[in-house]
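Open the model in your viewer and keep the selection tool ready. We will go from the whole chain down to single residues.

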Amino acid sequence: MGKIERIEVPAADRDRLETLVRDRNTPQKVVWRARIVLLTDEGLRATEVATRVGTSTLTVRRWRRRYAQAGVDGLLKDATRPPGRKPLTAAVIQRVVDMTLHEKPPRATQWSVRSMAAVTGLSHTSVQRIWHAHGLKPHLVKTFKLSTDRPFVEKVQDVVGLYLDPPDKALVLAVDEKSQIQALDRTQPGLPLKKGRAGTMTHDYKRHGTTTLFAALDVATGTVLGTCMKRHRHQEFLRFLRVIHRNTDKRLDLHLIVDNYATHKHPKVKAWLAKHPRFHLHFTPASASWLNLVERFFALITQERIRRGAFTSVPDLESAIIDYLEHHNADPRPFVWTASASAILEKVARAKQALESQH
């Protein structure tokens, strides 16, 4: 005959346990733990308690001991368990970080989680967690180039000054050419987007020629004056200057932000500008096209209309570009420049210092 293992349950504990059993919001695992203690207090054997609660004898004995050690509060939470695997040591984590930053894998230019895992003996998920915790992304690389233009500081201050503090009774226009836009047609029709599947397009294409978009972005309003031409020589630039001249208020001065392309400095262009004194050209530094706000518009039209388009001819492409300009100008939104010249120059100085420290 089995031994009766009885425990004494004070009246206060019994009331609390009975309340837990009756409460509909009590988790079921807590309910059957409370019932184990209550039935044990009635003098039932562990096997009988296990049968009535619907659990094992081992579980009955475990929670009876827990109550004896910690009371009712001990029944409300699970015991802490040791992790299945020991946590990584600080030395192991630091080794992964140092190798990622200062070493290259054999036969590759950058680490992957699996190549790092193979070298360190860790799982690829452990490597991934370490990289995520330290903000390391070896698979990504960003392109950049520091301008070597001698009057870099003066040009940055000049252009940014136009953005942040434009002159009175004048328009500030960011002007540039998006050249060699290809009229590409796909070799086969693509499949449309549907639930669970992305739209498709063939990787190869047919070329039908190119065009150049001349654009002038009004920094204040976000409207864009644009036209397409076959080439982008000084002759075409002069034609576009005349377009700007015809389509802007003659009482306003025009401050044009342009890059250092030779077309913009051609003698005939300079002669035309001398005859039209309301035009003022402001040049961005060499290798600093990011300073020209119209580049942001070029990125927008490329992403939204050109890259995934299919065009059977150059006129078809130009028609799509002009249509995009009309829709854009129907509800224009200006690109707001926020970086000060001093903030830009400080960041460039830090980049130069970092480069010099590496070489």
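Start with the domains. The chain is assigned three: domain 1 (11-75), domain 2 (90-134) and domain 3 (151-191 + 203-352). Keep in mind that this is a predicted model. Colour domain 2 and domain 3. Their centres, taken over C-alpha atoms, are 44 Å apart.

Next, the largest nonpolar core. It holds 38 residues. Select Val156, Leu213, Leu293 and Ile321, which have the most contacts inside this core. In soluble globular proteins, nonpolar side chains tend to be buried together.

Zoom in on leucine 293. Which residues is it in contact with, leaving aside neighbours within four places in sequence? Look for Tyr163, Ala174, Leu217, Val219, Phe335 and Trp337.

Now select residues 175-317. An unreviewed UniProt entry lists this stretch as "domain: Tc1-like transposase DDE". Over these residues the chain is 27% helix and 30% strand. The end C-alpha atoms of the stretch lie 21 Å apart.

Last stop: strands β4 (residues 253-258) and β5 (residues 279-283). In which sense do β4 and β5 pair? They run parallel, paired over five bridges. Pick leucine 256, and you will find its bridge partner, leucine 281, in β5.

Key
Residues are numbered from 1 along each chain as its sequence is written. This is a predicted model: local features need pLDDT of at least 70, side-chain atom pairs count only at pLDDT 80 or more; totals for chains, interfaces and linings use all residues. Side-chain values use heavy atoms; hydrogens and water are left out. Domain bounds come from an automatic or database domain assignment. A nonpolar core is a set of buried Ala, Val, Leu, Ile, Met, Phe, Trp, Tyr and Cys residues joined through side-chain atoms within 4.5 Å. Buried means under 20% relative accessible area, exposed over 50%, partly exposed in between (1.4 Å probe, protein chains only). Contact means heavy atoms within 4.5 Å. UniProt positions are given in the numbering used here, feature names are shortened, and annotations may be inferred rather than shown by experiment. Helices (H or I, at least four residues) and strands (E, at least two) are DSSP runs, numbered from the N terminus. Two strands pair if DSSP finds at least two bridges between them.
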